[in-house]
Amino acid sequence: ARKCLVNHPLSHSLLNNTHTKTMSYPSSIEIFDTDVQWQWRDSYSWREYDPTQQLKLEKAYQRNQKGTCDVTIHSDMYTVNFSTMSQENSRTKYSRDVKRVERELNKRKVNVKELNNMFKKYKVMDEADEDAESYYRDNDAEGIGGEGIMAFCSDHSIDPQSVDLLFLFFKLKCHRKYFLNYDEFVKGLATLGMETSSKIKKGVPKLKKELASTSTFRDFYRWTYNYWLDPSQKTVPKEITMATWPLLMKGKYKYFDDWMEFMDEEYAHAPSRDLWSQFYDFSNDDSFDSFEDYDLEMSAYNTAIDDFVVYMKNKQKK
């Protein structure tokens, strides 16, 4: 029996997406590893950033492809704007072009007939609502919606309320919550080496091992906010963030239960992206030993975190 998510706060939109366009799919696809190079243009040619800046730029780009990133070149500070693909010298304000170049390595063909059949099976399980249909029409997209994802989870013994499914979406580079287009599902799973149902069953539980990496977990944590965010909204609804935090942070922060209590009782707003990101940084901040040592006047954190510190100081005095 399928595990129903209708009453779970993370699934309020899970059962509301589908599309039914008819398309043909290739029996095999070519997949490859990708090497990314970031380059900036001087007066004569394109030059590569040094390896440290390359890594910094790519991580920032993956977190927010419309954001910015500060880098250093020859002791000068520059701000790289991903929307305009340019960098501006912080001192002179002079701007130069930048570009992101992907190189394909280790090309190989993978048989995706079984994935194609799964995609066709799951994508027809929903009836599109008006918002979803408009999205698919405007973006010429088709994919697997809520019912299809539920069936996929049931067929492959994945708990739809666990971090396993959310991390799989992260690995598949999903951009729309509870929706998998063809490239994300077929090419994504094939790239992960999960081109058959049996490999999916074995492979998905093993993915979680990657979360032991601090940088991977941090990127995953920050990705979740963008994943839940509707294009028409500036913030993720509070009930979604409150349901997601325990999935990600339970057991990783000594005062996590206190944080949830504070957010539930004292914080009335929907958490912003800034607050979401800074809570992770704060929970890993070892610059102070106790709340009493925390200097509110020197704090650079979101004001909600400062309020949490005050809340904890008062709570610990009782």
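**A walk from Lys93 through the fold**

Let's start at Lys93, which sits in the loop between β5 (86–89) and β6. You're looking at a predicted model, in which local features need pLDDT of at least 70 and side-chain atom pairs count only at pLDDT 80 or more, while totals for chains, interfaces and linings use all residues. Residues are numbered from 1 along each chain as its sequence is written, and side-chain values use heavy atoms, with hydrogens and water left out.

Lys93 isn't a glycine, yet its phi is positive, near 70°. Lys93 is also exposed, with 53% relative accessible area. The cut-offs, using a 1.4 Å probe and protein chains only, are under 20% relative accessible area for buried, over 50% for exposed, and partly exposed in between.

Now step back to take in the whole chain. It has 12 helices and 8 strands, and 45% of its 318 residues are buried. Take the contacts (heavy atoms within 4.5 Å) between residues at least 6 apart in sequence: 65% of them join residues at least 24 apart.

Next, the strands. Two strands pair if DSSP finds at least two bridges between them. Strand β3 (residues 68–73) runs antiparallel to strand β4 (residues 76–81), and 6 bridges join the two. Look for Val71, which faces Tyr78 of β4. With 2 residues between them, β3 and β4 make a hairpin, and His74 in its turn has a positive phi of about 50°. Follow the chain on and β4 pairs with β5, again antiparallel, over 4 bridges. Here Asn81 stands across from Ser86 in β5. This hairpin has 4 residues between its strands, and Met85 takes a positive phi near 50°. As you look along strands, keep in mind that in a regular one the side chains alternate between the two faces of the sheet.

What about charges? Side chains of opposite charge can pair when their charged atoms come close. A salt bridge is counted when a side-chain nitrogen of Lys or Arg lies within 4 Å of a carboxyl oxygen of Asp or Glu, and the whole structure holds 17 of them. One of them joins Asp35 and Arg103, whose closest N and O atoms are 2.5 Å apart. Asp35 belongs to strand β1 (residues 28–41) and Arg103 to strand β6 (residues 95–111), so this pair ties together parts 68 residues apart in sequence. Both ends are partly exposed: Asp35 has a relative accessible area of 23%, and Arg103 comes in at 42%.

Asp155 bridges to Lys121, with 2.8 Å between the closest N and O atoms. That connects distant parts of the chain, with Asp155 in helix α4 (residues 146–155) and Lys121 in helix α2 (residues 113–123), 34 residues apart. Asp155 is partly exposed at 30% relative accessible area, and Lys121 is partly exposed at 41%. Lys250 and Asp257 form another salt bridge, with closest N and O atoms 2.6 Å apart. There's also a network: Glu58, Arg100 and Glu102 are joined by salt bridges that share partners.

Let's finish with helices. Two packed helices are described by the angle between their axes and the distance between the axes. Axes are lines fitted to C-alpha atoms, for helices over the stretch in contact, with angles from 0 to 180 degrees between N-to-C directions. Helix α10 (residues 256–265) and helix α12 (residues 303–317) have axes that come within 10 Å and cross at roughly 110°. That makes α10 roughly perpendicular to α12 (65 to 115 degrees; under 35 is roughly parallel, over 145 roughly antiparallel, and the rest oblique). Among the residues making the contact are Trp259 and Phe262 of α10, along with Phe308 and Tyr311 of α12.

One last stop is Ser277, in helix α11 (residues 273–283). Ser277 is buried, at 18% relative accessible area. Setting aside neighbours within four places in sequence, Ser277 is in contact with Tyr221 and Arg222.
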